[in-house]
Amino acid sequence: MHPAFSVVFLTTLIGAGQGLFLALFTVESYAAFGLLPAQSSDFYALGSVIAVILLVLGLFASFFHLGRPERAWRSATQWRTSWLSREVIVLPAFMGMTFLYGVAHWTGFNPVIATLPSGAPINLTAVLGVIGTVLAFALYVCTGMIYACLRFLREWHTPLTVINYTLLGSASGFSLAAALAVTEAPGVMPFLTGWALIITVLGLISRSASLIRNARLKPKSSLQTAIGIKHPKIVQKTMGMMGGAFNTREFFHGQTRTMLRSIKWLFLLTTFVIPLGLLSVGLSAGTGSPGGLLALAFVVQYFGLLAERWFFFAQANHPQNLYYQSVA
Amino acid sequence: MTQLALVIDLNVCVGCHACVTNCKEWNTSGEAGPMVDQNPYGKDPTGTFFNRVQTFEVGEFPNTETVHFPKSCLHCEDPPCVPVCPTGASYKRKEDGIVLVDYEKCIGCKYCSWACPYGARELDEQQKVMKKCTLCVDRIYDTTMTEEERRPACVRACPTSARLFGDIHDPHSSVSRAIRYAHGYQLMPEWGTNPANHYLPRRKTKLRIREDELERADNPLKIDSQLPKPGKAEPSLDDVTSW
Ligand code: SF4
Ligand code: SF4
């Protein structure tokens, strides 16, 4: 497939936004049970603002993918059958919830809504946070399923696609949260860095699993099934046009194999190896670590995710390409 | 239930692109139009087409055959392109099984084209909506046309009658009979899309000779000759004399 930069930015930006929100609410939940020191509401408010900005940027990027963005509202109608439609519904819902969560922390409007049998209070932000968490995971599933549900794109048609979207998005979000915590909430910095490390390692495992799986895939379709002639040797002489068409532009990445392989190593290095190194250094340095280190980890990881997403699209080999092999 | 479809005879198609041209001509001025071109007279002319004729070489030199292969939307009975559409612009008609795009609803997200394994959908670069074969839905029901004209433009244009059009769910239709007798098949059956369009394979050319053609029916000498009648292999007057 031809990687569209609109979609590369959309999926990476909202992935990081979701991850950041999950990180914030994880801290809040731990703090509510006294497992972490309570944090200032500024930390949550600032984090939510950044998450909302990431989500808005992602949404903005997505419009560049549409031929007719002015009709985008229509895309919320087919949620019964289309994962794309479901994403279109869940994304603004999650965005709104993140916004409300941020506002509640910002204004300090955080009344106790209920009390647990144990006597622990349930605040408004806890309720908003739980709904937001559910929506964040739902959004990962929707985004992943948009690709995983296409059965002929076999590189994508695997549960690993959904798992990767979830883990890689969360990893970048936790890295960002850790970088934020350096100045805003130093007390939870090691906690967030630790989780960023763990999720990045899990992401490395699942992304490697999908790379290994895809390398072993045998195509199901062939020229024989494409035109229905059972002869071992068939060559296309002409695809019926010379100047190219939508079919030659949309479904081919147009890069060499070497380029593809370089991007693969590049993203493995920048999404996983370098951030893991930086995060570990940051963790071992403790609260005294230079804040720039963790920020750098996030920036490198985000750059790596752009490459990872580019590769994700480029690697998928659409069966329609069988019909477009020769210009004459 | 009706399922309209094309049946394309690869044994007959000569790859002349008449169907491509007539399809473009009819549809660019019809309901689905315009089908815009970019650089039509420039270096890399490109544009929207519903139908393409491709050419394949089968076998190894010198034993090769050239196969011309027209390709358009196959109006799948289980179309994977329809459920993925987020707007409902892509739909399959219940009454005749034609898969259509509503150009007023389509947002040009291209998701349906990703979901079609055959590459049958093309985004119109000017209108920015998805386009594909409509089976000339604006022709085949047009009662101001004669019965003969109420067929898709490509079918009307084909000089070799390689394209048949009809209801494949009616076992007595010409298309159903053609599929049955000439072993019509579907493309990429491995994806379970159940395409409505079928292709008729290359066939060995058979010379069919009837019994009466073996006898020189116009040879009066043999008919009038003495009984018992001489065998079919016996020389007749034509073989032994030169006029
Ligand atoms: S050929 Fe492609 S566009 Fe046409 S109905 Fe089948 S899947 Fe949809
Ligand atoms: S391009 Fe148009 S028809 Fe295709 S899925 Fe998107 S909205 Fe639906």
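Q: Is the crossing of H1(A) and H10(A) right-handed or left-handed?
A: This is a predicted model. In it, H1(A) covers residues 5–32 and H10(A) covers residues 291–315 of chain A. Their crossing is right-handed.

Q: At what angle do helix H1 and helix H10 of chain A pack?
A: The axes of H1(A) and H10(A) lie 9 Å apart. The helices are oblique to each other, because angles under 35, over 145 or from 65 to 115 degrees have other names. The packing angle is about 135 degrees.

Q: Is H6(A) roughly parallel or roughly antiparallel to H9(A)?
A: H6(A) spans residues 189–215 and H9(A) spans residues 257–285. Their axes come within 9 Å and cross at roughly 155 degrees. An angle over 145 degrees counts as roughly antiparallel, so H6(A) and H9(A) are roughly antiparallel.

Q: How many charged residues are in the contact of H6(A) with H9(A)?
A: H6(A) passes H9(A) in a left-handed crossing. Arg207(A) of H6(A) and Lys264(A) of H9(A) are among the contact residues. The contact also has 13 nonpolar and 7 polar residues. Its charged residues number 2.

Q: How much area do chain A and chain B bury between them?
A: On chain A, 59 residues are in contact with 56 residues of chain B. Carbon and sulfur atoms carry 59% of the buried area. The area is about 4700 Å².

Q: Which three residues supply more of the area that chain A buries against chain B than any other three?
A: Together, this trio supplies 14% of the area that chain A buries against chain B. The three are Phe152(A), Phe246(A) and Tyr323(A).

Q: Which residues come nearest to ligand 1?
A: Around ligand 1 there are 13 residues. They divide into 10 nonpolar, 1 polar and 2 charged. Nearest come Cys73(B), Leu74(B), Cys76(B), Cys81(B) and Cys116(B).

Q: Which residues come nearest to ligand 2?
A: The shell around ligand 2 holds 13 residues. By class there are 9 nonpolar, 3 polar and 1 charged. Nearest come Cys85(B), Cys106(B), Cys109(B), Lys110(B) and Cys112(B).

Key: Residues are numbered from 1 along each chain as its sequence is written. Chains are lettered from A and ligands numbered from 1 in the order in which they are written. This is a predicted model: local features need pLDDT of at least 70, side-chain atom pairs count only at pLDDT 80 or more; totals for chains, interfaces and linings use all residues. Side-chain values use heavy atoms; hydrogens and water are left out. Axes are lines fitted to C-alpha atoms, for helices over the stretch in contact, and angles run from 0 to 180 degrees between N-to-C directions. Helices (H or I, at least four residues) and strands (E, at least two) are DSSP runs, numbered from the N terminus. A crossing is left-handed if the near helix is turned anticlockwise from the far one by less than a right angle, and right-handed if clockwise. Contact means heavy atoms within 4.5 Å. Ala, Val, Leu, Ile, Met, Phe, Trp, Tyr, Cys and Pro count as nonpolar, Asp, Glu, Lys and Arg as charged, and the others, Gly among them, as polar. A residue is near a molecule or strand if one of its heavy atoms lies within 4 Å of it. Buried area is the accessible area (1.4 Å probe) that two parts lose on being put together, summed over both.
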